[in-house]
Amino acid sequence: QYPFGRRLPCDIYWHGVSFHDNNIFSGQVNKFPGMTEMVRKVTLSRAVRTMQDLFPLEYDFYPRSWILPEELPLFVDEVRMMKDSDPSWKPTFIVKPDGGCQGDGIYLIKDPSDIRQTGSIQSRPAVVQEYICKPLLVDKLKFDIRLYVLLKSLEPLEIYIAKDGLSRFCTEPYQEPTLKNLHQVFMHLTNYSLNIHSGNFIHSDNVNTGSKRTFSSILCRLSSRGADVKKLWSDIISLVIKTIIALTPELKVYYQSDIPAGKPGPTCFQILGFDILLMKNLKPMLLEVNANPSMRIEHEQELSPGVFENVPSPVDEEVKVAVIRDTLRLMDPQNKKRKDIQCWLYPAIADGKLQLKPVKTQVKHGMKDKQHKHHSLKLSLKLKCQTSGHVSEANEDLLDTGPADGPEHETTRALEPELPSLCLKQVFPKYAKQFNYLRLVDRVAALFIRFLGVKGTTKLGPTGFRTFIRNCKLSNSNFSMACVDILYIDITRRRNGMGIDHKESGMCLQAFVEAFFCLAQKKYKSLPLHQQVTLLIDFCEYQLSVLDEKR
């Protein structure tokens, strides 16, 4: 462990919290620049909303959301209009602080007037969403799913999904929200960190029972009832791919800022935690994405008042050990350099801590750790060989189905005979042909990055915006350069007034996307937005290609 960084180069840097560290010029880092910011509740909601504007039907897996405080008047007006049009509508909403985690600060309301103004919501932005009142119940309890997703590469985009996950249960029987039970967090909130304090929480050594179970055990139960679990997996894969497509444009802006093209720097990968709720009809809904999912494989048990000990958790161990082991197997740089020597790291358990154990090692390992609230996850090295942690063939077959009629392209191969098959299943680019049409904002981001000018920045200045308009030949008698300046000032001033990022002045990517959509609507009237945007992207790319040929 190197709490203060290290000077000697490593093949893999395993950071506890975020990308940034001292002077990394090579190797691979297990965090992407900007990922922590991108999956915050407000930023994620903005990114998904942009995609909902373009493809409303494809992005119906995210609840209707409003961002506070800026959209509070809009939230009030829209709820009033919906109630007026349908007097029988009795909604419930859930308020989630932007920077909250582990259920901190989350509460339910029945009316916009119930939003808590104490503590100044200006200083702590939040997202308010429609509460999903009809979730799927198991044993009369509400639960959510934590799935682990490996973003192996941003360019080209490469996504893997773990074949098993965790199902985390509430600890009181579910009832639809009423004014009487709104505050019963053990009934409505699935957060493990909340429910573990309930007297009804059940620690189990069996992955099929208790308050935390494997997702595969839930799938088996659903399958025995006749549910179409293959379609469920297909829907979950689609949800994951579409969510990451929504996040990649801004991640690319962060990436080029921290690791400019042409300069020495590491490549990145990251394990993400997707929290998903199943509705009664088995439709998966995205709750949130966690950039730093807990990898603890034990829980605290109170022996006597105030005296705790760490006890291994078989459920966590079965799922998380395989995820970390196979992430390292996929990222192992030695795999590319030599075929005749094995150098595999895999996790094992000793003294209640997760340890990475190589069969034979010729690489240097630098690890930077996150200090957790109770104790840190220790990553250490020992020489030993083990072949534990498998995923059921049934689950493997389910993930092999993927979205319907996906192209056959498999890069996940049997990497080495003495370890179990990979628990991480590639879903992109395997199913790229089905989802590439959604990547419009990626192409807009490429235009944005081209005109940023100064390396290391994430904001577009007025000169860069004017150059974009001029080079793409978007100004004319009806849209003069004076109008261009007004558009830039209006959108930039409003976006900066939202308090998104005051570190540097200029137009952020979200503001540029808004301006681009506005230009598309002006140029191509009477078409759906996604067609307008596609036509304008094609037009801009063509003009720039002509310009590049001249140069």
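Start by selecting residues 229-258, which form helix 7. Helices here are DSSP runs of H or I with at least four residues, strands are E runs of at least two, and both are numbered from the N terminus.

Before moving on, a word on what is on screen. This is a predicted model, where local features need pLDDT of at least 70 and side-chain atom pairs count only at pLDDT 80 or more, while totals for chains, interfaces and linings use all residues. Residues are numbered from 1 along each chain as its sequence is written, and side-chain values use heavy atoms, leaving out hydrogens and water.

Stay on helix 7 and centre on threonine 248, where the helix bends by about 40°; that bend is the angle between axes fitted to the seven residues ending there and the seven starting there. Proline 249 follows within four residues. Now colour by accessibility: 24 of the 30 residues in helix 7 are buried (under 20% relative accessible area, 1.4 Å probe, protein chains only; exposed is over 50%, partly exposed in between).

Next, pick arginine 439, in the loop between helix 11 (432-435) and helix 12. Is arginine 439 buried or exposed? It is buried, with a relative accessible area of 16%. Beyond its neighbours within four places in sequence, arginine 439 is in contact (heavy atoms within 4.5 Å) with Leu157, Ile245, Lys252 and Phe428.

From there, show helix 12 (residues 440-450) with helix 15 (residues 509-523): they pack at about 110°, axes 10 Å apart. The axes are lines fitted to C-alpha atoms over the stretch in contact, with angles from 0 to 180 degrees between N-to-C directions. The two helices are therefore roughly perpendicular, a label for 65 to 115 degrees. At the meeting point, display Val441, Val444, Ala445, Leu447 and Phe448 of helix 12 against Leu509, Phe512, Val513 and Phe516 of helix 15.

For the last stop, select phenylalanine 269, in the loop between strand 12 (267-268) and strand 13 (270-278). This residue is buried, with a relative accessible area of 0%. Contacts of phenylalanine 269 beyond four places in sequence include Ile12, Trp14, Phe32, Thr327 and Met331.

Terms used. Expected span 1.5 Å × (residues − 1). Parallel < 35°, antiparallel > 145°, perpendicular 65-115°, else oblique.
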